[in-house]
Amino acid sequence: MTSSPAVAPPVSAKPVRRPGDLIFSGTALAAGLLILVALAAVAVFLVGESIPALGVKKADLPVGFSTFLEYAGPLVFGTVWAALLALVIAVPLSLGIALFISHYAPRRVARGLGYVIDLLAAVPSVVYGLWGITVLAPFVQPFYTFLNTYLGWVPFFSGSVSATGRTVLTVAVVLAVMVLPIITALCREVFLQTPRLQEEAAYALGATRWEMIRISVLPFGRAGIVSAVMLGLGRALGETLAVAMVLSPAVVVSFFVLTTQNPTTIAANIALQFPDSYGISVNVLIATGLVLFVITFVVNALARGIVSRTSVGRNN
Amino acid sequence: MATAAVGSGLRRSSLPKYSSLGLLAVSWVVMAGLFLIFLLAGMTAAYNLVGVVFFGTVLWAAAVWLISFLVEGSRKAKDRLVTALVTTAFVIALLPLVSLVETVLVRGVARFDVAFFSESMRNIVGAGGGGLHAIVGTLEITLGAAVISVPVGLLAAVYLVEYGRGAVARAITFLVDVMTGIPSIVAGLFAFALLSLVTGNPGYRSGFGGSVALSLLMIPIVVRSSEEMLKLVPNELREAAFALGVPRWLTIVKVVLPTALAGIVTGITLAIARVIGETAPLLLVAGYTTSMNYNLFSGPMVTLPVFSYTQYAQPGVDPVPSIDRAWTSALVLILIVLLLNLAARIIARFFAPKMASR
């Protein structure tokens, strides 16, 4: 303690805690924690409601299945299969569109073109379902007949071709259109962040535009592309209504993409079965929902992990 | 002497500037002719305009590569091929968008009349009826979701930007990111499991359940967008307020939030636009009804997307009026989503804070 009375009382190291501050920061923290609790609650409730389903008897399952795993297996396969097919279609297209907007289109219109692609993301999934079943399925059916007739020796295209076009391939096309804006938006952001100097250096070495993209833009954006694809995968895995409406479903494992026996997805199966279910069947459906939750959680966590390890994509 | 160098391999010959566009036009014309022949030969039922654009563009990519390869060499040819492919990818993505908008408009106008906006489906069999009960349900359920998620989302964003340090903040950020990817049907299952357990009713259906499910999908979107906007508020503003002795919470309420308000409102509007079209969770937990139901907390409640889906999936004996109603609700839904997106852009543009230019 100094003896001089002129010196102001020592400022405490801790700032003053006003009650208003405490209340406000407490509320904010509570809101943040509520999110943690909500996510934990999702997991807990789903697990709690799923446990009865594990011991489900044969009589309570749809005809032809004797255990829960036997029922859930084909559904998991269908979910992953439809999503992967969708990605096969969507990824090359999205990369092309992202490059077109970031490096090919004239600067003045590029932003507008980005909005146009974003419009695809704004369309509700039920509208995609209506469109898929009314317009797309009849439109692609002749192509399917063609593929089946002339390329039937390719394993995927064999089998008896569907007369309605409501096959897993049509679903994959619809899903591809739905995940396309997501993948495109993230890739576009990443491509735009390529250091200008690297691009100019490539040009200075005499590279054409494509060579410049191959040696500077794509390597720079690799992590961003991977995580964008994973996010698209997450969306495709969880999509419900478009699949439920377009697909003529069956709970099977089948690699044929043009036939009437199409493996259905977890989400579509829940949407179709739930309104008419009661008792233990509800628990069975919730248990399949839990499986879906775990799959998408892992995929999204991986995607976010990749994004946060690289600095890009923080604003998405 | 100088002209001799031109042909000597130092400079390769190149195609004229607009040759690429010209080739595109030629390819389209060729394909248009080809499909006309198909039509006249009776191979296709109607003139296939999509086919013309698609195969014309593919032909263009091949032609550009071949001609450029012959005239300009392999490197230039590859460059031109990629340019053509990238442009084609964009055109392909536009095709479903155009087709979708056209279909919804053409089929939706059939029942876009006064009755659709003034009548419910109570006691309606066959033609007539409307989607008023679905419109009311959409508004109430979405409003309920917004009432839950806006305070939670906004406060969580404030916590992350203004207070959050260390493990808790990192965990919240990570889980919010992961939450963005929760399948909507899982959100519906959760809301159902939660509310049927709380009320003890295994067949629980109400609009409020729908609001809970939607808010689970909406909160992460609100958090992310508000977080971005709060981060954009310059630190100088906060420091100036602190220097004047303003408490921290008052700084946030009176300085930070008003500055970011336009951006936050834009984000919330976009979040509403995102969840208003959700079908799957509402199908599970909100149920289906043909009557008006203004009470969010009791009885099943139907929204536009669910109405559209059920009208399509369960048409009556004569399916036409039912399917017409499905398309009209799709049209109304798309109009609402577009209006919300437009509103968000307008808010972002006109109510943005006036920052001094640097």
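**Entry 1: helices α10 and α13 of chain B**

I began with helix α10 (residues 248-275) and helix α13 (residues 319-350) of chain B, whose axes come within 8 Å and cross at roughly 170°. The model is a predicted one. Angles over 145 degrees count as roughly antiparallel, and α10(B) and α13(B) are therefore roughly antiparallel to each other.

I then listed the residues that meet. From α10(B) I noted Ala262(B), Gly263(B), Val265(B), Thr266(B), Thr269(B), Leu270(B), Ile272(B) and Ala273(B). Their partners in α13(B) are Val337(B), Leu340(B), Asn341(B), Ala343(B), Ala344(B), Ile347(B) and Ala348(B). I sorted the residues of this contact by class and found 11 nonpolar, four polar and no charged.

**Entry 2: chain B as a whole**

I recorded 13 helices and zero strands for chain B. The C-alpha trace of chain B spans about 90 × 70 × 35 Å along its principal axes. Of the 358 residues in chain B, 46% are buried. I also looked up sequence separation: of the contacts in chain B with a separation of 6 or more, 74% are between residues 24 or more positions apart.

**Entry 3: chain A as a whole**

In chain A I found 11 helices and two strands. Read from the N terminus, the order of elements is α-α-α-α-α-α-α-α-α-β-β-α-α. Chain A has a radius of gyration of 26 Å, well over the 20 Å that the globule rule gives for 316 residues, so this chain is more spread out than a compact globule. Its C-alpha atoms fill a box of roughly 100 × 65 × 30 Å along the principal axes. Buried residues account for 47% of the 316 in chain A. Among its contacts between residues at least 6 apart in sequence, 81% join residues at least 24 apart.

**Entry 4: helix α1 of chain A**

I checked the length of helix α1 (residues 19-54) of chain A: at 1.5 Å a residue its 36 residues should span 52 Å, and the end C-alpha atoms are 51 Å apart, which agrees. I noted the buried residues of α1(A), among them Phe24(A), Ala28(A), Ala31(A), Gly32(A), Ile35(A), Leu39(A) and Val42(A). An α-helix has 3.6 residues a turn, so residues three or four places apart point the same way.

**Entry 5: contact between the chains**

Last, I turned to the contact of the two chains, which takes 68 residues from chain B and 65 residues from chain A. On the side of chain B that touches chain A, helix α3 (residues 74-108) of chain B gives the most, with 19 residues. By class I recorded 51 nonpolar, 10 polar and seven charged residues on that side of chain B.

Definitions and conventions
Residues numbered from 1 in each chain as written. Chains lettered and ligands numbered in written order. Predicted model: local features only at pLDDT ≥ 70, side-chain atom pairs only at ≥ 80, totals over all residues. Contact = placed C-beta atoms within 7 Å. Helix = DSSP H or I, 4+ residues; strand = E, 2+ residues; numbered from the N terminus. Nonpolar A, V, L, I, M, F, W, Y, C, P; charged D, E, K, R; others polar. Rg over C-alpha atoms; globule rule 2.2 N^0.38 Å. Buried ≥ 20, exposed ≤ 12 C-beta atoms within 10 Å, placed from the backbone. Expected span 1.5 Å × (residues − 1). Axes fitted to C-alpha atoms, helices over the stretch in contact; angles between N-to-C directions. Parallel < 35°, antiparallel > 145°, perpendicular 65-115°, else oblique.
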